[in-house]
Amino acid sequence: MGIVKASRPIHNTLAKAIAYIINDAKTKDGTLVSGFGCNPQDAAVRFQETTDLQKHISGRNRKLENGKKEVVAYHWIQSFDADDNLTPEEIHEIGMEWVHEVLGDRFEFILATHVNTENPHNHLIFNAVSYADGRKFHSQKNKTIAFFRAKNDEVRRRYGLQITVDEGKAQAPIHPNPKSYRSQLRTIINETIRHSADFQDFRQLMQEQGVEIKEGKYLSFRMSGQQRFVRDKTLGDLFSKAAIIHRIDQKNQYANRVHTLSRSKRISAAKDLADALFTMRREDIEQFSDFDLRISALRKQAADTKADISKLNDKIHQAEWLVQVVGIYQKYKPLADELESKTVFGKKAFQKTYSEELKLFQSAKAKLEQQGISLHIRTDALERIITRSEGEADDLHQTLENIENRIDRLVDAQNIVDRLENGEEYVFIRHQKQDEQEKKKHRTEDYSL
């Protein structure tokens with residue numbers, strides 16, 4: 001089956017686990033082994049360097065409760081179905097693509113393809129600490145499994161492979177097709193109707209968008225680059241000339257209808273209605289279905305903005321991590337330089353005295369080189385990146401707040417219009433109480449007279 005599953009987390013047998021998955025007898029003499037941020041021979045050392053730096057920078061070297069040992073790496077297995085008909089090299093390529101999808105080039109890893117069994121499969125071992133920003137990988141059993149499997153499914157779809165769902169049942173591969181001319185025409189016509197005052201205006205707007213219209217027994221449309229006209233009846237009942245005219249009229253009458261409905265009801269919340277009508281004009285709401293369309297579009301925009309904020313936060317955290325790593329490198333470089341000037345016998349004594357400091361220096365140097373960072377980089381350059389990114393993040397937070405406020409106003413307006421159209425009295429308690437308080441105040445004044 002084409003699935004992925006988690007093996008046991010690795011605590012203190014990292015070198016042994018890596019040696020097992022890169023075994024030449026299982027990986028075609030090591031030709032089916034790849035690493036990121038490390039190579040198979042020094043992976044355990046590189047993993048440990050990252051962990052040591054993270055502990056030094058964070059100041060945490062905590063012991064886990066109940067005698068538990070800290071997770072130093074994670075081990076996953078990616079399986080394939082015999083019906084996939086893939087070569088070992090293709091299986092390895094798919095594995096690498098999957099790993100980059102789930103880890104995002106943040107964690108050092110080793111991927112090995114085993115071909116010594118009936119069904120070839122991939123073994124993945126990755127560091128529990130990110131070498132890019134020092135963050136630990138937070139494994140949440142169900143969420144992590146679901147995420148890793150979803151990414152595996154995405155990669156398999158790209159290769160035209162079946163997707164395994166629900167206890168081994170296979171789902172046919174999905175090959176997304178580009179939008180047909182008919183689908184594009186429907187989208188253009190629907191959008192143009194929203195902005196048309198009448199049918200003549202509709203024709204003019206369509207022409208400006210490169211769509212030619214021919215009138216006869218049927219309406220026919222032809223987009224730029226399209227060879228043949230498409231008749232309205234092939235687009236659906238909503239796209240005939242009569243239907244388009246009706247939809248334009250219905251759209252133009254909508255705002256007036258809301259006004260009319262509002263006058264026919266007992267509405268004590270005039271301000272709320274005014275706000276709803278203002279929101280409708282500002283958001284270009286011309287028919288009730290526009291509410292859901294606009295709210296859906298804004299929620300998608302909000303989700304995209306949140307994703308951009310998350311990326312910026314990652315960039316900030318990575319820069320902050322690099323500032324710390326550069327600081328360690330610069331702090332202990334004089335010791336490393338002094339070591340080089342010592343005699344053979346002097347080096348041994350010097351290394352013994354400053355073993356921890358020199359170890360941190362080598363770890364910091366390795367991490368900078370892994371990420372292609374110049375050893376001569378100045379921390380103030382990184383500080384400028386942080387400041388600029390924080391400013392961009394603040395702007396995005398403000399944008400997100402504005403989007404969410406627009407969504408709230410649209411939802412409120414939608415509820416008001418929905419209640420009006422369904423014949424409710426729409427009386428707001430708070431306004432009734434205000435009226436009662438006013439009347440009570442006047443009665444008190446009358447008595448005082």
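Leaving aside neighbours within four places in sequence, Phe-126 is in contact (heavy atoms within 4.5 Å) with Phe-47, Ala-73, Tyr-74, Trp-76, Leu-103, Phe-107, Glu-108, Phe-109, Phe-137 and Phe-148. The model is predicted, and local features need pLDDT of at least 70, side-chain atom pairs count only at pLDDT 80 or more, and totals for chains, interfaces and linings use all residues. Residues are numbered from 1 along each chain as its sequence is written, and side-chain values use heavy atoms, with hydrogens and water left out.

Phe-126 is also among the residues with the most contacts inside the largest nonpolar core, which has 23 residues; such a core is a set of buried Ala, Val, Leu, Ile, Met, Phe, Trp, Tyr and Cys residues joined through side-chain atoms within 4.5 Å, where buried means under 20% relative accessible area and exposed over 50%, with a 1.4 Å probe and protein chains only. Two or more residues each come from β3 (73-79), α3 (88-103), β4 (109-114), β5 (121-127) and α4 (141-158), helices being DSSP runs of H or I with at least four residues and strands runs of E with at least two, numbered from the N terminus. The greatest contribution, 7 residues, is that of α3. A second, separate core of 22 residues includes Ile-316, Ala-319, Val-323 and Leu-382.

In helix α6 (residues 199-208), the buried residues include Phe-199, Phe-202 and Met-206. They lie on the same side of α6 because they cover an arc of only 50 degrees around the axis, taken from the directions from the helix axis to the C-beta atoms. The face turned away from this buried side carries the exposed residues Gln-200, Gln-207 and Glu-208. Just after α6, Gly-210 takes a positive phi of about 85 degrees.
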